[in-house]
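These are my notebook entries on one structure. I set down what I looked up and how each term was defined.

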Amino acid sequence: MPESARRIVHFLVHVPKCAGTTVEWHFQRHLGNRFYWAPRWRSPLRDVVGNRYPGISPADLADIAAVSGHSLSANLAGLFPGAEIRESVLLRDPVGWHLSMYNYRLERGGIDAAALPFARWYATVRRNPISRFLLNRYFGQGVPALYRLSSAARLRFLEMRLARFHFVGGLHMTNDLIANVSEQVGITPAAERENTNHKVQLRTADLDAAQLEQIRSDNRLDQVLFDRWADRGWTNSDLAPAPALSRFDQADYLIGDIRSGIRREIGG
């Protein structure tokens, strides 16, 4: 099939707090009905086998050029038979991610930082949230499958799949991603920034060196993922050998997730 006749569909993976809102609203605004918000499968099986899309047929998506949303998963590709799926994702360093999520929670809940100190909130958050989101929500590694994977196995799994992506980069490449995909789908490349955190109560400068190091240490997998992929863009050059990560910390993930879940339930 000639290039001009081949159908291309862009999967814009929206990791929370990684500029996904800016990306989504740009394409929704300019593509209109050619943009699709992936719906959430409201079933308890979602946490076991990943998101599914019952009741949606290829005919329903016949005119779609780009898909995004927190509930987008790789298995949606099956509803675009014969199409080339071009996957893109933006990543963020752990310090930036946690600060952004903390400020978002404060604003969304109408809470002052004095009422919910960062350290107390941080104790309620699962470690390595970016890699966890990709594994669990996009690649469908549900429970208990997720807990069979050590940090080393999680990195290996993710890197094998990210190597096939159309684009992977850090937040500094947001406008580049938007411009590139916009040109491909025939819309304006000029994007408006959509930031869900309008009031920033805590900044990097407000954390001391020990706190910053603790975040990077606790979330080493996400830090390694960001360091290795933030500048990748559209190139496919070989990565340097990955740094050593634990091959036997599956129980640490399980115990840590249980502890953070309990702390969330009791309010930190």
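**Entry 1: the second largest pocket.** I began with the lining of the second largest pocket and found that helix 10 gives the largest share, eight residues. The model is predicted: local features need pLDDT of at least 70, side-chain atom pairs count only at pLDDT 80 or more, and totals for chains, interfaces and linings use all residues. Residues are numbered from 1 along each chain as its sequence is written, and side-chain values use heavy atoms, with hydrogens and water left out.

I noted the terms before going on. On a 1 Å grid over the protein atoms alone, a pocket is an open set of points with protein on both sides within 12 Å along at least five of seven lines, a cavity is a set where a 1.4 Å probe fits but cannot get out, and lining residues have an atom within 4 Å of a point. Points are joined across faces, edges and corners, and a volume is the space filled by probe spheres set on them. Helices (H or I, at least four residues) and strands (E, at least two) are DSSP runs, numbered from the N terminus.

I recorded about 370 Å³ of space in the second largest pocket. Its lining has 21 residues, and R127, D218, D252, Y253 and G256 lie nearest the centre. Helix 8 (209–218), helix 9 (220–229) and helix 10 (250–265) are the elements that give two or more residues to this lining.

**Entry 2: aromatic pairs.** I found twelve aromatic pairs in the structure. Rings of Phe, Tyr and Trp (its six-membered ring) pair if their centres lie within 6.5 Å; planes under 30 degrees apart count as stacked, over 60 as edge-to-face and the rest as tilted. The pair of Y102 and W121 is tilted, because the ring centres are 5.4 Å apart and the planes stand at 55°. Y102 belongs to helix 3 (residues 94–109) and W121 to helix 4 (residues 118–122), so the pair ties together parts 19 residues apart in sequence. Both Y102 and W121 are buried, where buried means under 20% relative accessible area, exposed over 50% and partly exposed in between (1.4 Å probe, protein chains only). I also noted that ring pairs link Y102, F118, W121 and Y122 into a cluster.

**Entry 3: the largest cavity.** How many cavities of 30 Å³ or more are there? I counted one by this rule, and the largest cavity holds about 50 Å³ of space. Its lining has seven nonpolar, four polar and no charged residues. Strand 4 supplies the largest share, three residues. Six of the eight residues of strand 4 are buried. Strand 1 and strand 4 pair in the parallel sense over six bridges; two strands pair if DSSP finds at least two bridges between them. L12 stands opposite S88 in strand 4, and both L12 and S88 line the largest cavity.

Note on methods: Nonpolar A, V, L, I, M, F, W, Y, C, P; charged D, E, K, R; others polar.
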